[in-house]
Amino acid sequence: MTTTSIEAPPPVETLAPARKPRQKSGPASIFKYLLALIFLIIVLMPMYVLIVTSFKSGADIGVTSQWNLPETWTLASWEKAWNVLRPSFIRTFELAIPVAVISSLIGAANGFVLSRWRFPGADIVFTLILFGMFIPYQAVMIPLREIVTTLGIPPGITTLVFVHCVYGIPICTLIFRNYYATTVPEELIEAARVDGAGLLRTFGRIILPISIPGFVVTVIWQFTSAWNDYLFAIFLSNTRNGPITIALNALAGAQSPDYAASMAGALITSLPTLLVYVLLGRWFIGGLMAGSVKS
Amino acid sequence: MRKLRHWGPGLLLLSPSLILLAIFVYGLIAWTTKVSVSDEHNALGSKGFVGLENYTRLFTDDINDRFTHSLKNLLLFTVVFLVGAMFFGLLWAFILERGVKAEGFFRTVYLFPMAVSFVASGVVWRWLMNPNKGDNAGGLNAVLGGLGLDFAQSTWWTNPTWGMASMAIPAIWQLSGYVMALFLAGFRGIPAELREAAAMDGASTYRLYRNVIFPQLTPVALSALIILGHMSMKMFDLIMSVSGPQWLTEVPAIYVWQTLLTSDYAKAAAISIILLLLVAVVIVPYLIYTNRQEKNA
């Protein structure tokens, strides 16, 4: 593979088979399907427990009856979990949507510059930017929290939006740089330059409109990572003003947790990202591939 | 002047990000480093510079060798997690590569755990890895019992020696699909001519994979290892969610958090910097290597 697998739209095409599956039925083929099915069941097992438990109540919920279907199906735990999680559920949208939009715009601008303007030292600058996406955030958390406290910035969603946008710059820059480097023809930019358009105008008028596939990938990526984040959340917010991961952890991590409500809560928490995955799967995978720098 | 006209607008567009990253990545790392060589062991602030004392004390003078213990936990977790996720990822990719009907469906299911947060999946894994055995067994132990594999029933992460290996199970569940996607893209990226040429030479299927296809996947395997490896070293959410912070399953990322709760900033900073160095040892050569490859391409 060359440098391109980070490019935005095609990853699923690259995953799709180049040729039709051979229609052979022999022992080897049966074994293959058997194996594929067994793994399918294993992967789905935790999901099964989550779903059945969330509809149970009372004595139905127990360690030994984990795998059983509910004796009586009830929505009580869903209601309880929803009542606990609702405020943070809404707050997490207020977190993840701005993060997704802002970081994508920043990423697009950076990616465009880095893909076209080969200024001296561009490679080093790019590598320094990339390193930022691999660091363990603990290494910045102590001063970060001190800054937030000293400046009197209230903990909560606004602070988290800022932080996710800053630390999302590397990955978004990477995705767009590779997208522009592989999909935007040099001639297009050359033509704009001949017409006397400056960098900013070229970017705004010509590049942005053809950047939708890149945006889809970064929006999904940033939305998902902001939605699923726990580390920044635990450092910079609390159950009263933080995102849903904090609220879920409080619900499920209590001394004697209500298992049915916890499982319903875990499902509620996962719903938005799972929905994104199911509806926009091909671009979601594109985002995942982007994390590999190149492959 | 002409140079400035040429580079100027680009740099202008790039500069806010560069400034932010310079401050919030490199500046804050420098700040953490400074705290790690100070004696800021409580909320009262620092009185002075103590050199590398906080670092050496982690290795020589930590109660019950807590830090070395957390490193051992991390090592065991990382080995099991990497081996497991690479194995299943490659196997799944291989099965799909061999051609399966409804491939898209299998791919979607294998990959979906990636969309779930560790915090949410931890809720169910905590329950699946219930240590009860025999008649009281639930979760994984009940499955093993049902299959007649009672001897394999385990106390999972509560086992003091091998607990961290069990902690890797949810991580493997969550990320094998990702490795599969990487390998599948690798398989599909191999030019058809290569396969045809091998077939013309009369190579058997085994030799085709052994000598032609698998060697082509080395860069993919390297990428996958690096990504999983650095995720593993930062592992925090999953363990917090499955076991909560506790001695048995403590890794450096959690030790930092626990130390901060006691306001021992200098010590927490020292652990963070060691964690950063561990990640850097893996990532920096990889970034340099990638950069060079790209130039050659």
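Read along its sequence, chain B follows the pattern α-α-α-α-α-α-α-α-α-α-α-α-α, with 13 helices and 0 strands (DSSP runs, H or I of at least four residues for helices and E of at least two for strands, numbered from the N terminus). The radius of gyration of chain B, taken over C-alpha atoms, is 24 Å, well over the 19 Å that the globule rule (2.2 Å times the number of residues to the power 0.38) gives for 297 residues, so chain B is more spread out than a compact globule. Its C-alpha atoms fill a box of roughly 80 × 75 × 30 Å along the principal axes.

This is a predicted model, in which local features need pLDDT of at least 70 and side-chain atom pairs pLDDT 80 or more, while totals for chains, interfaces and linings use all residues. Residues are numbered from 1 along each chain as its sequence is written, with chains lettered from A and ligands numbered from 1 in the order in which they are written.

Gly99(B), with a positive phi near 95°, follows H3(B).

Turning to the partner, the contact between the chains (C-beta atoms, placed from the backbone, within 7 Å) takes 79 residues from chain A and 86 residues from chain B. Helix H2 of chain A (residues 27-54) gives the largest share of chain A's side, 11 residues.

Conventions: Two residues are in contact if their C-beta atoms, placed from the backbone, lie within 7 Å.
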